[in-house]
Amino acid sequence: MSRSVTLRNPKRRSCNFGVSRADTQTTRFKGKRYQHKRVMLTDPDSPPSSCWSTWSPLTEPVLGVMAGRGGGRGRRMMSFSVEAVCINRGESLPPSIQQPTPLFPVMEQKPLPLTGGEEAEYLLALKQEFRGAMKTLPFFIQPTAAKKDVERYSDKYHSGEQTDGVTDWSPEWKRFPKELRVKKPCRNGLSAVTRSDKPPLGQNNNNNKTDKEEVLLKLETLQKKEEPSSEEEEEEEKKKKQEEEEADGEEEYDEEEFEEETDYIMSYFDNGEEFGGDSDGDMDEAVY
Amino acid sequence: MTAQEVRLCGLLLREHFGEVVEKVGTHLLRGGAQNLRIIIHETGVPLDLVKKSLCVLVQHGACVFSSGRKGAGSPTEYRTSCDRILRILRYPRYIYTTKTLYGDTGELIIEELLQRGHMTMSSTVKTVADRLTQNMEGQYLSVCINQGLSKLFSLFLKVFLVLRFLFFVEIEYDKETAAVLIPPFLLEGLCMDYGEVSNAFSKLVETHFLQRCPPMVAAGAAASAAPATPATPGTPAAPVSTAPPSPESFPDCYKVPHMTLVGRGKRQLCSEDGEDQRNAKRAKMDSQAHGDEGICWQVNFERFHLHFRDQAIISAVANKLDQTSSEIVRTMLRMSEVTTSPTATCTKPLSANEIFRSLPPSYNIARPIVDQYLTLLVDDPMEFVGKAGESGGGMYVVNLHRALANLARATLESVVQERFGSRSARIFRLLLRKRHLEQKQVEDFAMIPAKEAKDMLYTLLAQNLVQLQEIPKTPDFAPSRTFYLYTVNQLPTARMLLQNCYKTVANLIERRLFESRENKRLLEKSQRIEAILASLQASGAEPEQLTEVEEMITATEKQQLEALRLHINKLDSAENQVDESIFLLESYINSTASTS
């Protein structure tokens, strides 16, 4: 015999708590069939189970479920039969807690020790080496150093140190969206990172200052002159921004003037410091 | 992306790529697909740094870009997902696995690719050959050390090796001294040939551990160039028409390109010479095309995960039954490696004859014994192996999804056992087996006194490991006339524990960073002292000077350093271990997701 859950009897003051017919299911239990809804442990309307006062393991889970259901009863005593949850008369409820639980509660069960062994140690060494290696790779991006209050004499020498080493990598720009291309000026020092691809029309090459390379430089700049004209239609606004960021290194002064054929000579504002510090004012311009 | 996942991803990005990338990455994780302008505006990071960060993220596969939602002309949108970044936790395991399978060469190839994201084959081969050459030198030198050829130099090299492993900082040391002390003609022969490395690379590709990166369409304008083969979205598709295609949808995914690369690894000579040589060589090499430009390779994480899953199943069988059964299961899994798809519920049926023939020759077991073992495996309640038919002496399959579910269940049980004790674990296992039980029944079946059982049940309930199900007798849910049944739902509990694992790892990382920060001064001092020691020894100093420098660190500081090193190692190992649990739970959850 299955009884319906419909609580349509208007005399009943309890509502059906937003449960529609579809949320009910029939279960066989102890030989009888019951129709019921699947309830959450904590009723969404009940207050969250905080660890504050009057918490006790007995009241928390059961009454949370009961919270909405006491309507219509109006009695203040616990509205469920005590035998149902097996609290015998003689027993008392566990004391209610009146302050938040401690930050590091005492553990009754101590955790197991870590597995040692050769494999674990090797994995550990691999992990630490990997972390150390990643810090030296050009993928580790340092935030722009905060500007000091007064320019110091030694800044000139310090900035050189930081840009030393493997600080540049030129990704294969075909795999990247166009707007991410940063026209970086060439840097001194070669990157030990082998580049994935080096198209002859590459925009940002690690050129050297040796005499042999200047010939290549000139060829490249001539090629680059052809490049910007095709791109200019698309990226006029972006170029302006990019060029302003390229102020980097006094040694590149001449090359940059030579390379860029636009009117915006970023060396106008060349201060030899890290690039990018001056593009904040251009936030209003649309970049697409 | 849950809050814990995002927090953990942020910490991982910070450790490996710096704080700028962390900021951009977490912003993308929280905000979904965004275009460049929004990212700049909301993070407040300068434009070029944002661009660099995005480049780094795309290079490592953490971020994908596609044309905007509004059509072809809208700006490109960038999307990150947690999964790829969380893989960083597992990198040591990938590298170690490759080492066991393919030796040092394979290990270095995978390490290089993991560090760089994706690279062409030629550049990988070159870098790895160079590194192997340097390692070979180091080994040769250590052989010299053991023969007592140079006492000072031996000390110097030991310091170097110790530093590499202990202080996770690479200190460049001067190879000039090395070159001078060792006769040059002996070093000439110590070079790694490119051919060997290429072979290892090809083997990795054949077994699908490496795959090509999916060829990119013109940046940003994805609408015009649709991939030739219909792309099955490997990544969760955004509501864009062109979902990012998975690498497997392209037919050349595992084809090794024909490339002309002849040479040997380069020794790193002393700095000035090396630089000139590199400059000179660069002009030559740059013009030399290796025939594989534009084809980038990346590590195929899914294949590694399948391998780990197989390992887990085999070791579970070995623990539960015995070595021979695990060998049989290993043979079955090996035979079905290529025929089973990654999301298959079970392997293709294999006949007992085939299994018997493919067993490793070192196991000369008689045929009837193999049959007995197979019967045992089928009858085992863990249900790793199932019988699918009678032809060919019996057709057997390995039930992959069921095995994963059992492994996850074992993980849950052990968590309960370690946190709440063995009796609570007994109650938990009981509920897992019997599904729904009343409180009285729990006490009876678990054979635990009523009061204690009640307490334990309520503790588990408070931790949300056990749920309460009500079955009313009357429609008004009157408590005196309602049955309250305790139950355990494995899948939601597994999800909850997975989030706990993420939180754990994040806490471990934070604690490690905190410890390093607290003792930063001490660490820096010790690094300086080691550097001074190394340079002194390189220039040949007397022992008194060395001891004088060593005494600059006091005994208490040495103790502190030792304790700090111990703590950091412990925290790191703990992260590795938690990652194993994460892998099991994730595999289980993904397996249920694919079948449902």
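Tutor: Two strands count as paired if DSSP finds at least two bridges between them, and strands (E, at least two residues), like helices (H or I, at least four), are DSSP runs numbered from the N terminus. The model is predicted: local features need pLDDT of at least 70 and side-chain atom pairs count only at pLDDT 80 or more, whereas totals for chains, interfaces and linings use all residues. Residues are numbered from 1 along each chain as its sequence is written, chains are lettered from A and ligands numbered from 1 in the order in which they are written, and side-chain values use heavy atoms, with hydrogens and water left out.

Student: How do you know that E10(B) and E12(B) pair?

Tutor: E10(B) and E12(B) are joined in the antiparallel sense over two bridges, which meets the requirement of at least two. His436(B) stands opposite Thr487(B) in E12(B).

Student: How many bridges join E11(B) to strand E12 (residues 482-487) of chain B?

Tutor: E11(B) and E12(B) pair over six bridges, again in the antiparallel sense. Glu470(B) stands opposite Tyr484(B), and Gln467(B) has Thr487(B) as its bridge partner.

Student: What order do the strands take in this sheet?

Tutor: The sheet is open, with three strands of chain B in the order E10-E12-E11 and antiparallel pairing. Strand E10 (436-437) and strand E11 (467-472) of chain B are at the edges because each has a single partner strand, which leaves one side of each without a neighbour in the sheet.

Student: What makes E12(B) mostly covered?

Tutor: Buried means under 20% relative accessible area, exposed means over 50%, and partly exposed lies in between (1.4 Å probe, protein chains only). Six of the six residues of E12(B) are buried: Thr482(B), Tyr484(B) and Tyr486(B) on one face, and Phe483(B), Leu485(B) and Thr487(B) on the other.

Student: Is Phe477(B) buried or exposed?

Tutor: Phe477(B), in the loop between E11 and E12 of chain B, has a relative accessible area of 7% and is therefore buried. Phe477(B) also has a positive phi of about 55 degrees, although it is not a glycine.

Student: Why is Glu383(B) called partly exposed?

Tutor: Glu383(B) has a relative accessibility of 33%, so it counts as partly exposed. Its place is in the loop between helix H16 (367-379) and strand E8 (385-389) of chain B, and its phi is positive, near 60 degrees, in a residue other than glycine.

Student: How do you know that the span of helix H17 (residues 400-420) of chain B is close to the expected one?

Tutor: The expected span of a helix is 1.5 Å times one less than its number of residues. H17(B) has 21 residues and reaches 30 Å from its first C-alpha to its last, close to the 30 Å expected. Its buried residues include Leu400(B), Leu404(B), Thr411(B) and Phe420(B), and the helix is followed by Gly421(B), whose phi is positive, near 100 degrees.

Student: Why is Val215(A) called exposed?

Tutor: Val215(A), which lies in helix H4 (residues 211-231) of chain A, has a relative accessible area of 56% and is therefore exposed.

Student: What share of the residues in chain B is buried?

Tutor: Buried residues make up 53% of the 596 residues in chain B, a chain with 24 helices and 12 strands. Where contact means heavy atoms within 4.5 Å, 68% of the contacts in chain B between residues at least 6 apart in sequence join residues at least 24 apart.
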